[in-house]
Amino acid sequence: MAKDKKHNTEIVTKPQWFDGESVTIPMLQILKEDGSFHQGADMPEYDKDLIVKIHDTMQFIRTLDERMIAAQRQGRISFYLASRGEEAESVASAAALDSGDMIMGQYREQGALAYRGFTVEQFMNQLFSNEKDLGKGRQMPVHYGCAELNFMTISSPLGTQIPQATGYAFGQKMDKTGKCTICYFGEGAASEGDFHAALNMASVYKVPVIFFCRNNGYAISTPSQGEQYGGDGIAPRGIGYGIKTIRVDGNDVFAVLKATQEARRLAVEENEPVLIEAMSYRMSGHSTSDDPTGYRTREEEEGWKVKDPLDRLQKWMKNEGWLNDEDVQQQHEEVKAKVLAALKEAEKVPAPHIDELINDVYDEPTPLLKEQLEELKAHIRKYPDAYPKTSGRLD
Amino acid sequence: MAKMNLLQAINSALDLAMAKHDNVYSFGEDTGGFGGVFRATSGLTEKYGKHRNFNTPLVEQGIIGFANGLASQGSYAVAEIQFGDYIFPAFDQIVNESAKFRYRSGNEFNVGGLTIRTPYGGGIAGGHYHSQSPEAYFAHTPGMKIVTPRNPYEAKGLLLSAIFDPNPVLFMEPKRLYRASTGDVPEEEYTIPLGKADVVKEGTDITVLAWGAQMEVTEKAVEKAEQDGVSCEVIDLRTILPWDVETVTQSVLKTGRLVISQEAPITGGFASEIAATVQDKCFLYLESPIARVCGIDVPYPLCHEKEYMADHLKIYEAITRSMNY
């Protein structure tokens, strides 16, 4: 890619201007909205087991999201962030990876985490900030992380994970691990300086990283076109940085799978960083703190409903005889029951012990932190009613 | 007079500032027609158009860099950073650019028209990244002014001062009080001077000092201490940089005792700066060590938020300890 362009530049004697029209990037689609394949499309590698696993994970996440939004409305959890309409992006891309590849998410990639095997109990423990949460209850709901599953813990500040992915992939390359890093982010986060730093450095160092942009049309209330960017989305930026780039239909499981499979091969076998821009739509609000009726129309949402990634996949699977309406209904009920049971269980698990407050600030608590904790405990002992979460077990 | 909450008071200040001068601009992430995630800029696009109140792309360093440029051109740039926790990509623009623009150019150029509005502080189940109080990072930066209001009346008067102050101002809004704090606010324009602390309540035994959202907690602690017969003088610092040394030291010379409370972690916090200056200027008048009631030295935690916070019970205990020293 990064040829020594300085010496290959053609010389012209009249001004030539280039703009967005100079490069137009098409969108890969394999599965049409009606649930049938485009004829002659290049197919990803897949078998029934893989597609069923992708489907079941998407179904699980959709049901989980629904139930947890309801739980937030009931005041049982403080916050939630759904991925409705974008399940194909995170699930089908994760399905193209090796389980040893690192995943760095933004915060709407619960699908990738579920695909890796994060259990419904693990989801619930994080959402309820209880003592079984791997993150020790320190972060807001949906900020998952799991070292065992190679899923880096989510951080709220946008875009910070993108250059980190470049660095992580550099280490993977140097250690000859044969693994890569996939980094998810939204088209809004791609406005951050971190995005540009990440792509440029990946291009310079030739590292096995897959930048996966979920272009879902909105950053909270800000629409992508014209307000987030003036150009043709995110993909042309990849070309500008000398990175292999593709745009895919993010609501098409097969297109996402195909693009990510090829991306992984380029990353791992050729140390080529890759940018995938997946076009989709955030069917849900940004989070439970947000009401999209304030900034977009019902008609616009309806226009995207017909492109729904899960419906589209189910249509195809039904045609293949891999699924029927009863299966879908039964599966939905099963997942719902599983989620509700896990929710009730997680609610009963106590908050982390107060001693956890000072752990992990450093590898070991400092003397000053220990002193601060002891002072705090003495204070809680004096006013136990004011701190009901922790006063019952201070020792 | 009208009954307003803190958000409405801020909205009113922005409205009046934009009506007063055509070159006052308000912008930030989601702050356009939608009015911002907290709705502080509601209605401004309808009233002044999308070229005066608008959305920016999602890039904090860009927002403040853009605002610096706009202010250097002579306009009033009122930039919102959606949460104080997200201000750090703009740290370079603020610390190296906003704060030094005038000084480095020998006053050839300045960004006096810059005001950065940002919600800060905890108590809203916001975890690490929707709870921090980052004032101390910026208080270490000569050239910036840092202001934080405690209620709607203060918010409007201080913000109007901040917008038209000939220096760049970081205006930190206590988000926990956005809707919780209400009060009578004049509908017309008025200002509250920057750099001047407010003696909220006079007293003789001990000075209790705080700023922003911590004022509400402090007043609750003081109420409890007064039931024990302790006469507290309560001061709202209002402007963190440059801070009102005179008002604070005069009070401590009178009471001989000082408790300072901040939400941010104790180490390297602005309470420490105040304590150092006060012990220097009031050493022989002090009856007890200056107490700091602050967050502890850990990242702001979600599940132990209540335990972490410098709440009224902790401040009350500090007042009692100081009195019994």
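The structure is a predicted model, in which local features need pLDDT of at least 70 and side-chain atom pairs count only at pLDDT 80 or more, while totals for chains, interfaces and linings use all residues. Residues are numbered from 1 along each chain as its sequence is written, and chains are lettered from A in the order in which they are written.

Chain A contains 14 helices and 8 strands, these being DSSP runs numbered from the N terminus (helices H or I, at least four residues; strands E, at least two). An automatic or database assignment divides chain A into domain 1 (26–348) and domain 2 (354–391), whose C-alpha centres lie 37 Å apart. Of the 395 residues in chain A, 48% are buried, meaning that 20 or more other C-beta atoms, placed from the backbone, lie within 10 Å of the residue's own.

The contact between the chains takes 40 residues from chain A and 29 residues from chain B, where contact requires C-beta atoms, placed from the backbone, within 7 Å. On the side of chain A that touches chain B, α7 (224–228), α13 (367–382) and α14 (388–391) each give two or more residues, and α13(A) gives the most, with 6 residues.

Definitions and conventions: Two residues are in contact if their C-beta atoms, placed from the backbone, lie within 7 Å. A residue is buried if 20 or more other C-beta atoms lie within 10 Å of its own, exposed if 12 or fewer, and partly exposed in between; C-beta atoms are placed from the backbone.
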